[in-house]
Amino acid sequence: GIDVKELKEGVLSEMATMLVNLSPVDSGTYVKNHEIGLRSGRFSATGRRDPNAERRSRGDPVDINAAKSTARQLLADDIAQVDLAAESFVIRNGMEYASLIEAGVTGKRDRVNPPPYASTVRESPRMIQEVAQRIAARNR
């Protein structure tokens, strides 16, 4: 049998990794503001980037790898704290411009980025299958 909590943790981890990998980095604020939690009521993205933050779009030296590494750790912390017995989870970004990145209006600093959230959702059935197969193979 497959431990459902282990499956949920594995899938959330895969989704977090893909989301970070697909996230554009200008100042690093967007990528570091993804969060994973339990679904709860209404949510409004109200986060604003510090106007003094260094930004690649202004030629500032922003370390993309460091920003994404921090983001991965923040999401791993969220997963470690979330109640895996729950049936429903939410992954969201608290920045007010997150919808513009998802729509492709902004965030194309290096290339045309696919929409991070839609792309992750589209790949989630494959992730579920692969994580379940890994768990099953290990339990044989």
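Which side chains does a polar contact of 2.8 Å join? They belong to Ser27 and Thr29, a polar contact being a pair of N or O atoms within 3.5 Å, where within protein one must be able to donate a hydrogen and the other to accept it, and residues adjacent in sequence count only if both atoms are side-chain atoms.

## Before we dig in

This is a predicted model, so local features need pLDDT of at least 70 and side-chain atom pairs count only at pLDDT 80 or more, while totals for chains, interfaces and linings use all residues. Residues are numbered from 1 along each chain as its sequence is written, and side-chain values use heavy atoms, with hydrogens and water left out.

Ser27 lies in the loop between α1 (4-22) and β1 (34-38). Helices (H or I, at least four residues) and strands (E, at least two) are DSSP runs, numbered from the N terminus. With a relative accessible area of 14%, Ser27 is buried; buried means under 20%, exposed over 50%, and partly exposed in between (1.4 Å probe, protein chains only).

Not counting residues up to four places away in sequence, Ser27 touches Arg49, Ala53, Glu54, Arg55 and Val62, where contact means heavy atoms within 4.5 Å. Arg49 also has its charged end over the ring of Tyr97, 5.3 Å from the centre. To count, NZ of Lys or CZ of Arg must be within 6 Å of the ring centre and within 35 degrees of the ring normal.

## Two strands side by side

Now for β2 (residues 89-93): five of its five residues are buried. Phe89, Ile91 and Asn93 point one way, and Val90 and Arg92 the other way.

β1 and β2 run antiparallel, joined by five bridges; strands pair if DSSP finds at least two bridges between them. Ile36 has Ile91 as its bridge partner in β2. Those two residues are 55 apart along the chain, yet 4.5 Å separates their C-alpha atoms.

## The nonpolar core

Nonpolar side chains tend to be buried together in soluble globular proteins. Here the largest nonpolar core has 32 residues, and among those touching the most other members are Leu12, Ile36, Phe89 and Ile91. Such a core is a set of buried Ala, Val, Leu, Ile, Met, Phe, Trp, Tyr and Cys residues joined through side-chain atoms within 4.5 Å. α1 gives the most to this core, with nine residues.

Leaving aside neighbours within four places in sequence, the residues that Leu12 touches include Ile79, Val82 and Leu84.
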